[in-house]
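Look over the sequence and the structure first, then read on.

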Amino acid sequence: MKDFKLLSREDFKKEVFARDGHKCVLCREPAVDAHHILDRKLFANGGYFLENGSSLCSDCHLEAEKTTATVEEIRDACGIKAHALPDGFDPSKTYDKWGNEISPNGSRIPGPLFWDDGARKILTRAGILYSGVFEGLPST
């Protein structure tokens, strides 16, 4: 991984908001959350990198957590060109917020947080977890 500056939680929010003009990068409403583009649990050091953060309003933050706002859409909206990735992630592959690999056909391959309670809860709420999107899992 490229050498990115690891920030404190407080500095992460300050720097992300400053870069994004304190506006949600997706809808331009006032930002309320400094969102981890890839979940902080995927990083051994917490992933508090400016290149892994975005300013979002509450509604857009929920869409990002549900992965209906994609990692790529959020990075593009922030102007992020150099991607902060967790150790072991392949820069040539596409991932959702929870570290699930997205195949070229749009299906997902379960990643390191697939069994995480928070990830499963939000992906279920989004209608994604049991929709047949994940390869090798039965849909309900």
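Arg108 is in contact (heavy atoms within 4.5 Å) with Thr67, Asp96, Asn100, Glu101, Ile102, Leu123, Ile128, Val133, Phe134 and Glu135, leaving aside its neighbours within four places in sequence. The model is predicted: local features need pLDDT of at least 70, side-chain atom pairs count only at pLDDT 80 or more, and totals for chains, interfaces and linings use all residues. Residues are numbered from 1 along each chain as its sequence is written, and side-chain values use heavy atoms, with hydrogens and water left out.

Arg108 lies in strand β5, residues 108-109; a strand here is a DSSP run of E with at least two residues, numbered from the N terminus.

Ile80 sits in the loop between α3 (71-78) and β3 (94-95). Not counting residues up to four places away in sequence, Ile80 touches Arg19, Ile37, Leu50, Glu51, Gly53 and Arg75. Between the C-alpha atoms of Ile80 and Leu50, which are 30 residues apart along the chain, the separation is 9.1 Å.

The table lists both residues; buried means under 20% relative accessible area (1.4 Å probe, protein chains only).

| Residue | Relative accessible area | State |
|---|---|---|
| Arg108 | 9% | buried |
| Ile80 | 9% | buried |

Definitions and conventions. Helices (H or I, at least four residues) and strands (E, at least two) are DSSP runs, numbered from the N terminus. Buried means under 20% relative accessible area, exposed over 50%, partly exposed in between (1.4 Å probe, protein chains only).
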